[in-house]
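Here is a short briefing for a reader meeting this structure for the first time. Please look over the sequence and the model before reading on.

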Amino acid sequence: MLVKAIATRKTVKLVVNGKEHILDIGANETLADVLRVKLNLTGTKIGCNRGECGACTVLINGIPTLSCLTLAIECEEKEILTIEGLGNPETGELDPIQEAFVENFGVQCGFCTPGMIMSVKALLNKNPNPSEEEIKEGIQGNLCRCTGYTQIIESIQAASRKIGRR
Amino acid sequence: MARETMKVIGKAIPVMEARDKVTGRTVYVDDMKAELFVKILGSPHAHARVKSIDTSRAKKLAGVEAIMTYKEVAHRLIPFGRYQSCSAMDEHLRHVGDYVAAVAATSEAIAEQALELIDVDYEVLPAVFDPEEAAKPTAPKIYPEGNVRGPSLQEWGDINKGFAEADVVVEDNFDVTPQMHSAMETHVCMARWQGDELTIWCATQTPWELRGMVAYFFEIPESKVTVLSPNIGGGFGGKYVGKYQVVTCLLSKMAGGRSTKLTFTREEDNCYLRRPRGKIYAKVGARKDGTITALQLRGYFDIGAYERHYATWCSSLSYGTISYKTENARFESYSVYTNHFHAQAMRSVSAPFFTFPIEQVIDEVAEKLGLDPVEIRLKNMPETGDFVPATPYVNNSGGCKRAKLDIYPGRQMIQQVVEAIDWKRKWKGFGKPAAINGAKRRGIGLAYMMEHCGYCWESVATIQVIVNRDGSAIVHSGAQEIGQGINTTLRMLAAESLGISFEDVAIVTADTRTGQYDAIGAKASHQLATHGHLLLRAVEEAKQKIRNLVAPVFNAKPEEIEIKGKEAYIKGHPEGAKPLRDLLSTAVTGSAAGAPGNWLPDVKPGFRPYQPVVLAAEVEVDIETGVVKPIKLVPGMFPRRMINSAVVRGQAIGGAVMTLGMSLWEEVKYDEEASTYLSRDFTDYKIPRALDIPEIENVLLEEVDETIPPHEGLPYGGGGLGELTCWGGPAAIANAIYNATGVRIKRSPLTAEVVLEALDKEATK
């Protein structure tokens, strides 16, 4: 589809990973593009740019959202959490989900991983102790071509146990 | 070396890249910023000729910095691997999406707008899509010399005699349709010229081949081209070399060297590469006791417009065909150009084409003879020490070597796999479902094959190890990490052989300036066998150099010195060990390269490392809707020795789910009327999602010849494995559907539509 440059622009305040950014944004710019290009937060991936693969998943006010289908100007004043905002970026301490993905081989090529982990973050926030079926439902929107999902599911179960222990 | 004495090998050590991947710090090519964006104008016709092309309107658009058409690259053929050379652009367009023009502009939107301003007048030509149609002399010619390559012919014994000796002969024909690679990261390439030096950042499995290709194209020495390929978002055989890389580099050059980046959209990626399509005729003869006397296949493969590499060449053919110890066999294949986008290697690319027909016809033979599917396979399965093929070749256009099987635990594997699927309890006979619940029928099925995964192609690679003064080590490698864990695996091998920890080993890779080479790249699951083998030889060389240096300190001969765990000592006297730090004044380097021409070496003289693979499937078929629900998969494989047990398991499960997708849901669809592919996205090309995954139980067998030193033959006995579970889904599931319904499905994928149509056809018989 041809995307024409649209003249309409807006100055928008985005809150990303707890930091405020005042940005001049075109009305047709997606949140995925703004995060990746304007804020250099390239952990958010674009796998299809049409809302089918989940690689661009971020949390907006805690809700997992496809940033490739979200216009950035719609995110004014909302809390956006990306993969870079998990764990403690200052100390390098990982979120228990990230730790569990490393330890349980939930990662192969890694391209789906950030979006997958953001979906898991939302899932475990809501349901810290999900069943296998609930885990599958929670990541149903996130495609992975490498792992066959089993080690991802095991990573999520391990993350759930880690969170339970804290 | 016995497992219990090993400190690193066999452990589940997290892959070294995982931490950066889970934090989003890993930089993939599309995460890098370029000055210019590249967009490609694709052909709207499946077969056409450019009568005229005018780019003047597009050139006037502000922000357009370079435009290329076939005129810029006329008559400059790119040598692609094994097969068809082609221009980066051609006035002769051979498939929908074939390159008409490309633009580099300061924004993606401007580049897209510019494409609309290019005026093209096409002469539309008749197109052909079916490989058998395209093979006819009257078919539209995609190349002046015709559309057919072949036949490739592998034959042994006397096929006519074999059929004459048979009590039962079954003949059938099959159609195996393509699967696409569908890596989550689409194809992407970035290029920049500085003077006459070119740097390319590319998600490629074959950086060395890419370097050679562009150096040839631009007529510059390979020393002036650097390919960087650090992080790749999935490959599966899809990310080799292509015209797009040349286009990106040329546009950078035309734009004064400014960096250009081409990122495929998902729609472009889904119309770019795939497995071939195979139309196969199969015929099998057997005696009453189940002994197979003759096995014959004839196949026509749609390889698309620009097939490259080894989609259907003969030695790929051989592993699908030597699986059974029949004395008479004939395999004949034709690769045929069509007006579809092209085929390329993909994770045991040819295997589904041979297993889907053979494994179904073997079941048909068993049914006629009143044998169980397990029984007939056990009866005809070769064993350790057997020759494959059973009798000498009479035709061998693949140049395959007849050799003995070194270790072949096929029987053990099939027995463990059928136990895991609970075969004895569930198998009630052909067409007799394991269970019935309303419209739902449960069935089980089996597929077996012999594969030769992970060749040691030692002549194509070089590798280097640097032992630092403190005894830690750095590996310089040309192997390409694509998520399969080869970097971690090589580090583990180096650590084990030096007697140091995994953390003590670093690896430098994905940069052609290291000089550590792999002519073929991450293909055919060969990197563990090839680079692992060479790495251990490099370590031996470094150790020998250190022995020579330190022997005088110990008043000993070099051969009396042991180098282990950052120390040197006289063998048998570790109490007298001295740290290497106190003995060496520099780092010591060891390197290894295969002897030219030495590819596929024997593991020991006259013996080849083939591997049995077995897949059992249980499915539930809804006979009212045709929907097939997978219940359980049991992939069995023989990695010989697992270097990293969790990485092996990840490959096993990942492959099994990929073949499941090929079996049930993934279908490339083309609308001839509209000249458009319908499978351009993940809604219409359905790859497996989490909820689609059934229970998966792996059978992983390990066995090595402990008499062979770790650095001879396969590294510590470990064999390639990335493709071992990615072939059998369509065959095993078709057999399971037959068990559930008594209806044989001869076309893949086994979608609800295909299954329902077959069920209806059977019902109206």
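This is a predicted model: local features need pLDDT of at least 70, side-chain atom pairs count only at pLDDT 80 or more; totals for chains, interfaces and linings use all residues.

Residues are numbered from 1 along each chain as its sequence is written, while chains are lettered from A and ligands numbered from 1 in the order in which they are written.

**Chain A overall**

- Chain A has five helices and five strands. Helices (H or I, at least four residues) and strands (E, at least two) are DSSP runs, numbered from the N terminus.
- Read from the N terminus, the elements of chain A follow the order β-β-α-β-β-β-α-α-α-α.
- Chain A has a radius of gyration of 16 Å, close to the 15 Å that the globule rule gives for 166 residues, so it is as compact as a globular protein of that length. The radius is taken over C-alpha atoms, and the rule is 2.2 Å times the number of residues to the power 0.38.
- Along the principal axes, the C-alpha atoms of chain A fill a box of roughly 50 × 35 × 25 Å.
- Buried residues make up 54% of the 166 in chain A. A residue is buried if 20 or more other C-beta atoms lie within 10 Å of its own, exposed if 12 or fewer, and partly exposed in between, with C-beta atoms placed from the backbone.

**Two domains in chain A**

- Domain 1 of chain A covers 9-85 and domain 2 covers 96-165. These bounds come from an automatic or database domain assignment.
- The centres of the two domains of chain A, taken over C-alpha atoms, are 22 Å apart.
- In chain A, 15 residues of domain 1 are in contact with 13 residues of domain 2. Contact requires C-beta atoms, placed from the backbone, to lie within 7 Å.
- β3 (57-60) and β4 (63-66) of chain A each supply at least two residues of the domain 1 side. β3(A) gives the most, with three residues.
- That side of domain 1 of chain A has eight nonpolar, six polar and one charged residues. Ala, Val, Leu, Ile, Met, Phe, Trp, Tyr, Cys and Pro count as nonpolar, Asp, Glu, Lys and Arg as charged, and the others, Gly among them, as polar.

**The sheet of chain A**

- Five strands form an open sheet of mixed pairing in the order β2-β1-β5-β3-β4 (chain A). Two strands pair if DSSP finds at least two bridges between them.
- β2 (19-26) and β4 of chain A are at the edges, each with a single partner strand, so one side of each is left without a neighbour in the sheet.
- β3(A) and β5 (residues 79-81) of chain A run antiparallel, joined by two bridges. L59(A) stands opposite L81(A) in β5(A).
- α3(A) packs on the sheet and touches β3 and β4 of chain A. The direction of α3(A) makes about 35° with that of β3(A). Axes are lines fitted to C-alpha atoms, for helices over the stretch in contact, and angles run from 0 to 180 degrees between N-to-C directions.

**Chain A against chain B**

- 43 residues of chain A are in contact with 44 residues of chain B.
- α2 (96-103), α3 (113-126), α4 (132-138) and α5 (150-165) of chain A each give two or more residues to the chain A side. α2(A) gives the most, with four residues.

**A sheet in chain B**

- Four strands form an open, mixed sheet in the order β25-β24-β23-β29 (chain B).

Definitions and conventions. Two residues are in contact if their C-beta atoms, placed from the backbone, lie within 7 Å.
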